Amino acid sequence: MECTEEGCEREAAVRLHVPWAENRVVCAAHARSLAQQDGVVADPLDGDLL
């Protein structure tokens, strides 16, 4: 599965639960910055991060 951020072709590694928008799957690089927003919860996809 590919990262859903525009222009990114990396492998998705994290599902972000975003209270004000649709949930999305992103690569680890995007997850690091996006998950710091208040209310966003990051869940690793099965077996991808750890």
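Here are a few questions and answers about this predicted model.

Residues are numbered from 1 along each chain as its sequence is written. Local features need pLDDT of at least 70 and side-chain atom pairs count only at pLDDT 80 or more, while totals for chains, interfaces and linings use all residues; side-chain values use heavy atoms, leaving out hydrogens and water.

Me: How many disulfides does the count come to?
Reply: A disulfide here is a pair of cysteine sulfur atoms within 2.5 Å. For Cys 3, the closest cysteine sulfur is in Cys 8, at 3.8 Å, so that's too far for a bond. Cys 27 also has its closest cysteine sulfur in Cys 8, again 3.8 Å away and too far. The count comes to zero.

Me: Is Cys 27 buried or exposed?
Reply: Buried means under 20% relative accessible area, exposed over 50%, and partly exposed in between (1.4 Å probe, protein chains only). Cys 27 has 1% relative accessibility, so it counts as buried.

Me: Which loop does Val 40 lie in?
Reply: Val 40 is itself buried, at 11% relative accessible area. Helices (H or I, at least four residues) and strands (E, at least two) are DSSP runs, numbered from the N terminus. Val 40's loop is the one between helix 1 (28-34) and strand 3 (41-44).
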